[in-house]
Amino acid sequence: MIELMALIVLTVPFIGFFINSTIVRILFGSESIISGYINSFFIGISLILSLIILFNPSDVTNQINLTWLNLFDLNITFGLLIDPLTSIMLVIVSGISFLVQIYSLGYMHGDKSYTRYFAYMSLFTGSMLGLVMSRNILQLFIFWELVGVSSYLLIGFWFNRSSAVVAAKKAFIMTRFGDFGFLFSIIYLFNFNPASLDIVELYKMIAAGTVPTKIATIASLGFLFGAIGKSAQFPLHSWLPDAMEGPTSVSALIHSATMVTAGVFLIARLFPLFDHSQIMILIASIGAITSLIAATMGLTSTDIKRVLAYSTISQLGYMVMALGLGAYSAAIFHLFTHAFFKAGLFLCAGSVHHASGTFNMKFMGGLQSKMKLTYYSMLICGVSLAGIFPLSGFWSKDEIILSTFNYGGFFGYLCLLIGLIVAFMTAFYMFRTISLTFYGSFRGGGDEERKILKSNNIEVPETVQNVHLEESPKFMTYPLIVLSFFAIFIGYAANPVFFDLIFINKHAFSEFVEKSLEIYHYHGTHSFNFTIALLSTFMAIIGSLFALNTYKSKTEIYKNTLIKNINYLLDKKYFIDYLYEKVIVENIFYETICRSFAWIDNNIFDQINILLSRFSYRFGLNSLKLQNGQIHSYGLAMILSGIVSVLILILLG
Amino acid sequence: MFDYFLTLIVFLPAFTAVILLFFKSRNKIINISIFSSVITFIMSVYLFITYDKNLGGIQFVDHFEWISSINIKSSYILGIDGLSLPLVLLTGLLSMVAVISSFRITKRVKEYFIWLLLLETSVLGVFTSLDLLLFFIFFEFELIPMYMLIGIWGSGRKEYSAIKFVIFTLAGGAFMLLAILALFASDSISSLSMVSIPDLNIIGIPDLISGKNLIVPASIIFFFFFIAFAVKLPLWPLHNWLPDAHTDAPTAVSVMLAGVLLKMAGYGLFRINLGFFQQTKGFTIFDASHLLAILGTISIIYGAIVTLRQTDLKRLIAYSSISHMGYVLLGFSAIGNGINFSNAALNGSALQMFTHGTITGLSFLTVGLIYDRTHTRDINKLGSLTNKMPIIAVFFMISGLASLGLPGLSGFVSEIIIFIGTFKIFPIYTIISAFGVVLAAGYILWMIQRSLFGKNKLLNKDQTYKYEELSDGTLLDLLPAFILTIPIFLIGIWPRLFLSLFDLGIKEIIK
């Protein structure tokens, strides 16, 4: 029964995609308002059924099977895996997606490709739902790629903007680079044991000890590479900040529930395999490094969406770090809370843009009084992200920081240190953003920015629009209210500290989600450390006060050369984009390797062919002369060859 | 159904070509050609449905003796098995698409359709004939229509490309002829049938050749056949004719060339190189599998890298074809050493032929539609075409995404099966080849970005077309493209439909 429901959850978005991209598009045209309602309706169904699934835990037996391939030595069967981890992910994905659809009804209003937008959105949601409920790793990969392509289509949604198309391509190719690792591991695991592609079977095999550590290590390296690409972890993180070229509502979905969470989900889903391998330290290190460098880049960015994008990378780094340290439930919990407040923040950014006509915070300011709902939503979600007691972000971040402490040793304390520094920086850039956007006086918005860009002869991007300072329409603000509500209270679902509340047991979330690993016999440690909680809150509060104080009245802070240099380094994203795009891809790969290959192809292989044909032609032409019809030359040839033959006969004896 | 059904399918297009001689009106000629190609396609679908999968083996056999002496026997034998049936279907499908998409032809219409239909007959003949001599005749006959079609109805350096195509293929064909003669020279080879058909008391070469002494060493015969097919596939470093031929050929001919003509080579590899040389004395195909894997890998990576530098849409797709046909050879190399081999990879290799046929057919078709409107294929003069021709753009996107191996579309299925299967035999080459998937994403997305999206890049001074006047395809333009997307989605979602057939055919070929 539960599986059947899950199947419906999976299919309805695809039905929505099909209806929107064919029937609605043909019958009602490309701006049809119906498409938005169709999407909201179908994804609403998914949400309701997901909630039912969440409260009706199912076992991992598999009733719905689909034999995809049945060759002699290659059998692949697809199925559904509805365990606690999946059921939580289903609610996150369909819930956030539903709210984003509602928001989009207002945000995308009047766009000339309204129908196409909603068609892509339902494809995106459906693919992510399929990803989280896949039972077979190859099946997971299929949806993984579909998530990738739908985000490609959505990031490049405004395909007349060159920057959007370039960003979309960058996102797809960089994640594909990671997918190469994913693909490798699938192939590798299959050749180790075809049954191991079934996730439940894999759990069982690892628990029974039939998977050698070496195999697990190699396979998990590939999966990790895939996860790094998808979840924008260092060193494949640079596509995510650019990915905001799509509509803001798309960014909200990409950054919270779909796409980037897929990488974290993959590590969580294959947690036993990773746990069994020798690369857990590597995972934790990647997470820690990512969270640190992304947070630093967030400190100086002036684009509101970019700040949020860096914060996403940084928070994903937290989750990956926690997974690397073995804190399974802490990572999932943070993914859960983060989805709500990050979606809220992005939707707020969209709302701010709606009013101010720009994403550049230099031209904002003073919006607090003009758009109260947006302001309070952003404040709540921001405080939650900063991890300040008692909002939900606090509880989940605290569990992660606690896990570093519990891990102990030099490495654990190093992670703890990084975690605390990141907590400080997160609070700093979040309050910097809020302060620059809502406090002080209004600095002209899109009108002003356009004026400045024009006077400097820079092409004005299409994101710069006219100012009309007022609160956004209801379709856009209602989802904000809902998300803010969750940003406050959803943390209590975990109930990390109190004794049993009325209907939420102590550590309810952790215990629930760890049931997914029952077969693997995993048990996390659940505790609450008052000192650590106090410490992380202290860092966050210091950070926010520092930011509020510095950005109270000004937009730029320091004039000192050292700080300026650091600022420059951060603005240039540590030159990583430069290294990848300019040096490696353009200069080394495209201009050197590809160019020489193409040159060789044209000038060597083709020339050899041409020379060969010329040679045959000449050879034929010259042989023609042998038959010149002159009887005396034939006679000469006859006599000469006669002499030669006689000579040969004499010489050979 | 009735006897000689297969013969009817093969020769119906040729028969129509003769009929066309008696007509003058352009419309009638086009209608008759379309009608004939549709009927041929329907008959190939009928074959596909009625082929008895439980029985397997070779069915729909047409046979009569042709040359029969004590020393050598060559007969007219047509028949299909699991390997050739999907390719016959592919030929029917793509020929129909090619004929329909040619409805705008105005230059020497009658001759054009006559050659196109003769081309269809010769390709169908290659896939159905079970006699080596007959196979060779059909294989070589295809050159004549292709030469005419490229040389007369082409564009650019059409004569150069046509003659280049002919010389390359003819050189390959010469090697095949030598190989056939070398086979024939041995006493033990008393029949030129490519398979054994017990019902008709025909013992084929695979059984005759096994364990016998041959006058010419088996290795030489093997490589002569191999070279003939490597040129056609085309395999690095014998590939240079393909980009030229594609660039200058008319749209429908490009569709046929990429869609079915290249598959004759893949089919030949399976039927002849694999079919004959498993138990030969002194040398078997298994000794060559390593070499095949290396050549396949080089083709994949080399093709992909060169593709990245192309700026002509057709040239770009032509080079990507070289890369994609490399997968066919890579999967084929998974025969390994004969004991440790991968059945899956061989199936993937066969499926890749079918999927590449439909995907690349669609690519060339849509590029043709774009070219009809813009009169240029230079990517640097295109851009933002989606605004003006959204539906053509959708089909172009589908072909691109299928080509880069997007799950849900057919290219992914064959590639993943090839990778999974070949990894068992040649792990290193498989990993290197799998990187081709990343490169494919690069060149496809970049191509799409520069031609369909962004800003239009046509400068005022080159007056090849007026951006404002561009229009989307008409219903008849889009019909062939739509037809081709059906198998792309169908195989992507339900690969068993074709794999079950290929599996049957390949199982019979492998002893």
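Visitor: How many salt bridges are there between chain B and chain A?

Guide: There are two salt bridges between chain B and chain A. This is a predicted model, in which local features need pLDDT of at least 70 and side-chain atom pairs count only at pLDDT 80 or more, while totals for chains, interfaces and linings use all residues; side-chain values use heavy atoms, with hydrogens and water left out. Residues are numbered from 1 along each chain as its sequence is written, and chains are lettered from A and ligands numbered from 1 in the order in which they are written.

Visitor: Why is the pairing of B:Lys164 and A:Asp606 called a salt bridge?

Guide: The term requires a side-chain nitrogen of Lys or Arg within 4 Å of a carboxyl oxygen of Asp or Glu. The side chains of B:Lys164 and A:Asp606 meet at 2.6 Å, N to O, and therefore the pair qualifies.

Visitor: What makes up the contact between the two chains?

Guide: With contact meaning heavy atoms within 4.5 Å, 58 residues of chain B and 49 residues of chain A take part. Helix H18 (residues 427–452) of chain B gives the most to the side of chain B that touches chain A, namely twelve residues; helices here are DSSP runs (H or I, at least four residues), numbered from the N terminus.

Visitor: How much area do chain B and chain A bury between them?

Guide: About 4900 Å² is buried, 71% of it on carbon and sulfur atoms. Buried area is the accessible area (1.4 Å probe) that two parts lose on being put together, summed over both.

Visitor: What is the volume of the largest cavity, and which residues lie nearest its centre?

Guide: A cavity is a set of points on a 1 Å grid over the protein atoms alone where a 1.4 Å probe fits but cannot get out, and lining residues have an atom within 4 Å of a point. The largest cavity has a volume of about 130 Å³, where volume is the space filled by probe spheres set on the points, joined across faces, edges and corners. Its lining has 21 residues, with B:His324, B:His356, B:Ile359, B:Thr360 and B:Ser403 nearest the centre. H14(B) provides the largest share of that lining, six residues.

Visitor: Which residues are closest to the centre of the second largest cavity?

Guide: The second largest cavity has a volume of about 110 Å³. Of its 13 lining residues, A:Phe141, A:Arg176, A:Leu183, B:Phe412 and B:Val437 are closest to the centre.

Note on methods. Helix = DSSP H or I, 4+ residues; strand = E, 2+ residues; numbered from the N terminus. 1 Å grid on protein atoms, 1.4 Å probe; cavity = no way out; pocket = protein on both sides within 12 Å on 5 of 7 lines; lining within 4 Å.
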